[in-house]
2 protein chains.
Amino acid sequence: MATMQFWYDFASPYAWLAAERLAVNTDIAVEWIPFVIGPILRLRPDNPSPLQNAPPAQRNYRRRDVERLAAKQGLGLRWPSTYPRNGLLGARVSRVVPVGRRADLTLAIYRASFVEDREIAELDVIKDVLERAGFDAQAILTAALADGNRKALVADVDRAIALGIFGAPSFVVDGELFWGNDRLDLALEWARRPWL
Amino acid sequence: MATMQFWYDFASPYAWLAAERLAVNTDIAVEWIPFVIGPILRLRPDNPSPLQNAPPAQRNYRRRDVERLAAKQGLGLRWPSTYPRNGLLGARVSRVVPVGRRADLTLAIYRASFVEDREIAELDVIKDVLERAGFDAQAILTAALADGNRKALVADVDRAIALGIFGAPSFVVDGELFWGNDRLDLALEWARRPWL
């Protein structure tokens, strides 16, 4: 059976909803790949960043949509008092922890932002999240902020562009791209058996 | 149980997929409301029309996404040789037929565009679709092109804006808005019982 790549940005509430669902998925092997979508959106003439350009009706809708979906998943969403939050630090940190612990840390960072309304772009907050999750926070942060890790994240963004990724979350199965939390079930089904 | 409004634009392949699913839905009463999303998108500083502004990666993705979804629904999609097609004439025509026959005609127009690759913005094509569906084509077209019907469609677009609609398809249940074919199941579930 195919494995699935899960490309996620800590800014995205939909990526959080997908992460919560993937954390309890059992039958498909998932590669968790933190990245940032901002540099990809900024390449577009029409930057569709939720903060900058969506009209009020769509912004209001997005929040209500996430509230409805979170409630269905039994998640205690508290809408971030600043939105969207910058997911860069979260991406840098979660990509340097051992692969086997990345899902746990990813959920911890997402919940700090979307359940506890904490500013995950701040070092102190991430340090606290790391400590509560049982990591050597100082060692992780040193690795996360190293220049090599910054460059590796940039390379991952380039890899995302090469895969055709233009939004987050995205799922890739054998080169087949699926965009959005609402395509997660289809992506998993594709990983079990492509139908086209 | 609540009824559901289904707002659809003949330009949208996702609205077509939703229409095909709604046509076989049985437990929720659905009000089929043809409209055009173009005038709403043009109010935005960043017109997100699929033709005008989406980057190539997203346009390629959209087509593949629709192909995958159509295949899952068992529909014989042929991607329109001109895309997106102007859905204005289809909206004008389908809103003047009796309510009880609107779903049938809607499906016939969608299939002309997305299965038979016919130019549904042309009068001759719509006339033929009407005739094959057993309508008095000339009478329907006369009513569709009358000034009162043009104004009534404009009023429906204003009604859509008042409901917070910013894309197509959209579903509205007791003022609760759901956007996109991928929210249809949630909208139907909401009509059965809201969970928030």
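Some bookkeeping comes before the tour. Residues are numbered from 1 along each chain as its sequence is written, chains are lettered from A and ligands numbered from 1 in the order in which they are written, and side-chain values use heavy atoms, with hydrogens and water left out. Since this is a predicted model, local features need pLDDT of at least 70 and side-chain atom pairs count only at pLDDT 80 or more, while totals for chains, interfaces and linings use all residues.

Let's start where the chains meet. Contact here means heavy atoms within 4.5 Å, and 29 residues of chain A are in contact with 29 residues of chain B. Together the two chains bury about 2800 Å², with 56% of it on carbon and sulfur atoms; buried area is the accessible area (1.4 Å probe) that two parts lose on being put together, summed over both. On the chain A side, A:Tyr61, A:Arg68 and A:Arg183 lose the most area to chain B, together 21% of what that side buries.

Between chain A and chain B, 16 residue pairs are in polar contact, both residues being at pLDDT 80 or more.

Which elements of chain A give two or more residues to the side that touches chain B? They are α3 (56-72), β4 (176-179) and α9 (184-192), where helices (H or I, at least four residues) and strands (E, at least two) are DSSP runs, numbered from the N terminus. The largest share, 10 residues, comes from α3(A). By type, the residues on that side of chain A divide into 15 nonpolar, 3 polar and 11 charged; Ala, Val, Leu, Ile, Met, Phe, Trp, Tyr, Cys and Pro count as nonpolar, Asp, Glu, Lys and Arg as charged, and the others, Gly among them, as polar.

Now into chain B, at helix α1 (residues 13-23). This helix is mostly covered, with 9 of its 11 residues buried; buried means under 20% relative accessible area, exposed over 50%, and partly exposed in between (1.4 Å probe, protein chains only). Among the buried ones are B:Tyr14, B:Trp16 and B:Leu22. Their cover includes β1 (4-8), β2 (30-34), α3, α5 (99-114), β3 and α9 (184-192) of chain B.

B:Arg85 is worth a stop. It sits in the loop between α3 (56-72) and α4 (88-94) of chain B, and it counts as buried because its relative accessibility is 5%. Its side chain reaches the backbone oxygen of B:Ser113 at 3.1 Å and makes a 2.6 Å polar contact with the side chain of B:Asp117. Most residues other than glycine have a negative phi, and most peptide bonds are trans.

On the peptide-bond side, the bond from B:Tyr83 to B:Pro84 is cis, with omega near -10 degrees, and B:Pro84 is in the loop between α3 and α4 of chain B. In chain A, another cis bond joins A:Ala168 and A:Pro169, with omega about 0 degrees; A:Pro169 lies in the loop between α8 (147-162) and β3 (170-173).

In chain B, β3 (residues 170-173) and β4 (residues 176-179) run antiparallel, joined by 4 bridges; strands pair if DSSP finds at least two bridges between them. B:Ser170 stands opposite B:Trp179, and B:Asp174 takes a positive phi near 50 degrees in this hairpin, which has 2 residues between the strands. In chain A, A:Asp174 lies in the loop between β3 and β4, has a positive phi of about 50 degrees, and counts as exposed because its relative accessibility is 70%.

Key:
A polar contact is a pair of N or O atoms within 3.5 Å; within protein, one must be able to donate a hydrogen and the other to accept it, and residues adjacent in sequence count only if both atoms are side-chain atoms.
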